[in-house]
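Please open the model in your viewer and keep the selection tool at hand.

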Amino acid sequence: MGSHQVIANYESLSTLTAQMREAAVRGEWERLIDLEQQCRQYVAAMKQADASATLDEPSRQRKVQIIKKILENDADIRSRTVAWMGQLQRIMQSNRQEQRLQQAYGG
């Protein structure tokens with residue numbers, strides 16, 4: 001695979017992680033899960049091709065720039081999902097406490 005295709009693959013992956021980030025920003029968790037599965041499959045397909053490609057210096061630098069953007073998207077997605085998971089945990093904990101109170105007082 002040529003360097004042009006490797007860069008195109010990374011740019012596509014960056015676009016996909018940007019879509020994931022947008023889904024996380026909007027709280028579209030089902031969409032985020034679907035996109036994450038697509039991303040995982042895409043990365044798996046890219047690994048072998050990427051390992052065998054030789055990049056010239058400008059292509060290598062572009063690849064690094066794209067990877068940095070992908071990592072920025074990933075960090076933002078991670079922070080948003082951690083916050084969302086914390087919120088879910090608090091809701092579930094509150095529901096459990098409510099159930100215990102109802103059981104304790106015959107409600």
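**The whole chain**

Begin by selecting the charged side chains: the chain has 15 positive and 13 negative charges, and their mean positions lie 5 Å apart. Here Lys and Arg count as positive and Asp and Glu as negative, while His and the chain ends are not counted; each charge is placed at NZ of Lys, CZ of Arg, CG of Asp or CD of Glu.

The model is predicted: local features need pLDDT of at least 70, side-chain atom pairs count only at pLDDT 80 or more, and totals for chains, interfaces and linings use all residues. Residues are numbered from 1 along each chain as its sequence is written, and side-chain values use heavy atoms, with hydrogens and water left out.

Next, display the chain as a cartoon. It holds 3 helices and 0 strands, in the order α-α-α from the N terminus. Helices (H or I, at least four residues) and strands (E, at least two) are DSSP runs, numbered from the N terminus. Along its principal axes, the C-alpha trace spans about 70 × 20 × 20 Å. The radius of gyration, taken over C-alpha atoms, is 20 Å, whereas a compact globule of 107 residues would have one near 13 Å (the globule rule is 2.2 Å times the number of residues to the power 0.38).

**The core**

Now select Y10, M20 and L32. These have the most contacts inside the largest nonpolar core, which has 17 residues. Helix 1 (3–26), helix 2 (29–52) and helix 3 each supply at least two residues of this core, and the largest share, 8 residues, comes from helix 1. Such a core is a set of buried Ala, Val, Leu, Ile, Met, Phe, Trp, Tyr and Cys residues joined through side-chain atoms within 4.5 Å. Buried means under 20% relative accessible area, exposed over 50%, and partly exposed in between (1.4 Å probe, protein chains only).

Centre the view on M20. Leaving aside residues up to four places away in sequence, M20 touches L32, L35, E36, C39 and I77; contact means heavy atoms within 4.5 Å.

K63 lies in helix 3 (residues 57–104) and counts as buried because its relative accessibility is 18%.

Finally, select R62, also found in helix 3. R62 counts as partly exposed because its relative accessibility is 35%. Beyond its neighbours within four places in sequence, R62 is in contact with I7 and E11.
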